[in-house]
Amino acid sequence: MNLPNKLSLFRVILVPVIAVIYLFLDLGTAISININASTNLSINWAEIIVLILFAVASFTDYLDGMIARKYNMITSFGKFVDPIADKLLVNTMLILFAISHRVPVIAVIIMIWRDMIVDGLRMSASSKGKVVAAGMPGKIKTVLQMFAIIFVMLYNLPFAFIGIPMDQILVWGATIASVYSGIIYFVKLKDVVMETM
């Protein structure tokens with residue numbers, strides 16, 4: 001197994017570790033910040049560990065792709081496991097935030113539905129020999145999701161000091177980008193999917 005594939009598998013392994021730490025580990029308060037006269041923010045050690053692990057996992061996503069392209073180490077297994085690792089990481093974080101009421105449940109449902117529909121479209125198209133590469137809207141969606149997750153984990157710092165809900169703006173931006181990129185996938189693949197309808 002080459003290095004990019006090992007990095008992708010490492011990312012997959014990190015996902016349940018992150019979930020367990022977020023849900024069950026209580027190590028006490030790490031940081032306490034006064035946002036304003038009526039709001040005091042506390043970030044616990046478990047959340048800091050999750051943030052670090054998420055950053056490491058996100059970096060391995062960049063690293064495995066860069067290494068695979070630079071050293072011609074792209075494999076069928078890598079093409080299979082890399083997007084799965086990405087979606088496991090992002091969707092797990094979004095579900096954890098929805099459970100703890102830090103992001104709107106409806107936004108998370110929409111984004112996960114989009115992923116399932118797009119995966120179904122791609123599998124259907126692939127079985128007929130048609131491959132659709134990830135487009136710019138899908139990449140924008142992923143970037144917005146990553147930044148949304150980071151700002152939610154940071155309790156919207158530093159924007160909390162000036163009253164701008166940047167974390168929620170990014171969540172809804174990612175949701176809109178998810179829907180838009182999903183529609184683009186459907187338009188590109190509708191002939192393949194609908195041909196025997």
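Before reading off any angle, I noted the convention: axes are lines fitted to C-alpha atoms, for helices over the stretch in contact, and angles run from 0 to 180 degrees between N-to-C directions. I also noted that this is a predicted model.

**Entry 1: the helix pair**

I looked up H2, which covers residues 45–70, and H3, which covers residues 76–99. Their axes come within 11 Å of each other and cross at roughly 155°. An angle over 145 degrees counts as roughly antiparallel, so H2 is roughly antiparallel to H3.

From H2 they are Val50, Phe54, Ala57, Ser58, Asp61 and Asp64. From H3 they are Asp82, Asp86, Leu89 and Met93. Sorted by class, the contact of H2 with H3 has five nonpolar residues, one polar residue and four charged residues.

**Entry 2: Asn91**

I stayed in helix H3 and turned to Asn91. Is Asn91 buried or exposed? Its relative accessibility is 13%. The cut-off for buried is under 20%, so Asn91 counts as buried.

I then asked which residues Asn91 touches, not counting residues up to four places away in sequence. The answer is Ile112 and Asp115. With Asp115 there is also a polar contact, made side chain to side chain at 3.2 Å.

**Entry 3: the loop between H5 and H6**

I moved on to the loop between helix H5 (136–153) and helix H6 (166–194), where Pro158 has its place. The peptide bond from Leu157 to Pro158 is cis, and I read its omega as near 0°.

I also checked backbone phi in this loop. Tyr155 lies in the loop between H5 and H6 and has a positive phi of about 55°, although it is not a glycine. Asn156 has its place in the loop between H5 and H6, and its phi is positive at about 65°, again in a residue that is not a glycine.

How much relative accessible area does Tyr155 have? The value is 27%, so I logged Tyr155 as partly exposed. For Asn156 the relative accessible area is 8%, and I logged Asn156 as buried.

Terms used
Residues are numbered from 1 along each chain as its sequence is written. This is a predicted model: local features need pLDDT of at least 70, side-chain atom pairs count only at pLDDT 80 or more; totals for chains, interfaces and linings use all residues. Side-chain values use heavy atoms; hydrogens and water are left out. Helices (H or I, at least four residues) and strands (E, at least two) are DSSP runs, numbered from the N terminus. Angles under 35 degrees count as roughly parallel, over 145 as roughly antiparallel, 65 to 115 as roughly perpendicular and the rest as oblique. Contact means heavy atoms within 4.5 Å. Ala, Val, Leu, Ile, Met, Phe, Trp, Tyr, Cys and Pro count as nonpolar, Asp, Glu, Lys and Arg as charged, and the others, Gly among them, as polar. Buried means under 20% relative accessible area, exposed over 50%, partly exposed in between (1.4 Å probe, protein chains only). A polar contact is a pair of N or O atoms within 3.5 Å; within protein, one must be able to donate a hydrogen and the other to accept it, and residues adjacent in sequence count only if both atoms are side-chain atoms.
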